[in-house]
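Work through the exercises below with the sequence and the model side by side. Try each task before reading its solution.

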Amino acid sequence: MENVPAVMTAAYITGLGPADRITVGELPVPVPGPTDVLVRTEALAANQVDTFVRSGAYRTHTPFPFVIGRDLVGVVAAHGTGVAEFRPGERVWCNSLGHGGRQGSFAQYAVVPADRLYRLPPDVPPDLAVSVLHTAATACIGLFREGGLRVGQTVLVNGAAGGVGSAVVQFAVAAGARVVATASARDAEWCLALGASAVVDYRDPHAPERVRDAAQDGVHLVWDNSGVNDLESTLPLLVQGGRVIVMAGLRSRPVLPAGDLYPRDLSIRGFAISNASIADLRSAATTINGLLAEGRLRARIGARLPLSDAAEAHRLLERHGPDRVRGRVVVLP
């Protein structure tokens with residue numbers, strides 16, 4: 001066991017609110033319980049869901065002071081008496097902190113329940129790994145558990161160039177599906193590099209027709225990562241029994257064209273990885289580790305910031321328009 005200090009630097013909040021509520025200061029190093037692992041963090045990632053938890057848009061138990069953040073890559077520093085599967089010095093990762101009363105990852109040390117912790121494959125850089133952990137698990141669980149994706153099907157990914165969208169494209173292609181992506185024109189090359197068969201500019205006034213031309217046999221699964229949730233344009237693109245996965249658009253109030261929905265057995269499923277079970281997360285972690293070990297998971301890192309700039313990391317995610325960061329925001333403690 002390494003020599004663990006009594007205090008650490010952490011980014012935390014004492015009440016819900018804007019990014020300016022984030023404080024970076026000293027807190028006691030947490031003590032692992034019998035089935036917990038204490039991890040010295042090496043790389044962290046800021047996620048859009050982290051901003052929702054911090055602001056109160058996603059209601060969850062946040063015992064104050066509440067350390068923000070969901071993802072980490074780090075090294076085992078110590079563990080509880082009931083933990084046998086991890087040893088000090090092992091490099092590990094987690095993507096499910098900062099929710100449901102669990103303190104977050106944005107600190108020099110974090111306590112992780114052993115059943116939410118996974119070994120990182122050798123030779124995978126911590127910053128690359130942490131940049132895909134949340135998005136990859138979202139894509140993996142959403143595509144297969146919720147979407148029922150099968151080989152040979154066609155997936156339409158709206159908002160394909162973002163973190164989750166990029167992961168969805170990669171997982172769908174790896175599963176033998178054909179992907180049609182919507183994104184801005186400047187991101188088309190990125191989406192094609194990830195394996196999309198066609199990219200449609202979402203600003204094109206004829207985008208639905210372009211998608212129909214690219215998927216002439218119809219779409220089996222729509223992953224709406226854009227937050228627009230334009231069901232009037234989307235549902236006619238689906239084959240009979242097609243599915244729509246909605247996982248963005250907190251304030252979206254779309255029109256539901258019922259005549260396109262029920263006569264063809266279409267379905268709309270809401271999905272948030274925050275509700276994933278331990279078994280779901282573990283199964284996804286096995287798949288993620290396999291792809292990481294093979295070098296088959298890619299992500300764009302748009303910014304690398306020190307822990308002292310945790311508030312700026314959240315502000316970058318909340319920025320809209322052309323100045324919005326392109327790629328993942330990685331925080332180095």
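A disulfide is a pair of cysteine sulfur atoms within 2.5 Å. This is a predicted model, where local features need pLDDT of at least 70, side-chain atom pairs count only at pLDDT 80 or more, and totals for chains, interfaces and linings use all residues. Residues are numbered from 1 along each chain as its sequence is written, and side-chain values use heavy atoms, with hydrogens and water left out.

**Exercise 1. Find how many disulfides the structure has, then look at Cys140 and Cys191.**

Step 1. Search the whole structure: the count is zero.

Step 2. Take Cys140. Its nearest cysteine sulfur belongs to Cys94 and is 16 Å away.

Step 3. Take Cys191. Its nearest cysteine sulfur is that of Cys140, 20 Å away.

Step 4. Check burial. Buried means under 20% relative accessible area, exposed over 50%, and partly exposed in between (1.4 Å probe, protein chains only). Cys140 has 9% relative accessibility, so it counts as buried. Cys191 is buried too, at 0%.

**Exercise 2. Describe the overall build of the chain.**

Step 1. Count the elements. Helices (H or I, at least four residues) and strands (E, at least two) are DSSP runs, numbered from the N terminus. The chain has nine helices and 16 strands.

Step 2. Box it. Along the principal axes, the C-alpha atoms fill roughly 60 × 40 × 35 Å.

Step 3. Of the 333 residues, 53% count as buried.

Step 4. Look at contacts, meaning heavy atoms within 4.5 Å. Among those between residues at least 6 apart in sequence, 71% join residues at least 24 apart.

**Exercise 3. Which residues of helix α1 are buried, and what do they pack against?**

Step 1. Go to residues 48-55. Val49, Asp50, Thr51, Val53 and Arg54 are buried.

Step 2. Follow their packing. The partners are β1 (7-13), β3 (36-46), β4 (66-67), α2 (126-146) and α9 (310-318).

Step 3. Gly56 follows α1, with a positive phi near 95 degrees.

Step 4. Now find His99, in the loop between β6 (91-94) and β7 (109-113). At 15% relative accessible area, His99 is buried. Beyond its neighbours within four places in sequence, His99 contacts Val53, Thr60, Phe66, Arg70 and Ser274.

**Exercise 4. Check the backbone at Pro65, Asp123 and Asp265.**

Step 1. Recall the background. Most residues other than glycine have a negative phi, and most peptide bonds are trans.

Step 2. Phe64 and Pro65 are joined by a cis peptide bond, with omega about -5 degrees. Pro65 sits in the loop between α1 and β4.

Step 3. Asp123 has a positive phi of about 70 degrees. Asp123 is exposed, at 80% relative accessible area.

Step 4. Asp265 has a positive phi of about 55 degrees. At 52% relative accessibility, Asp265 counts as exposed.
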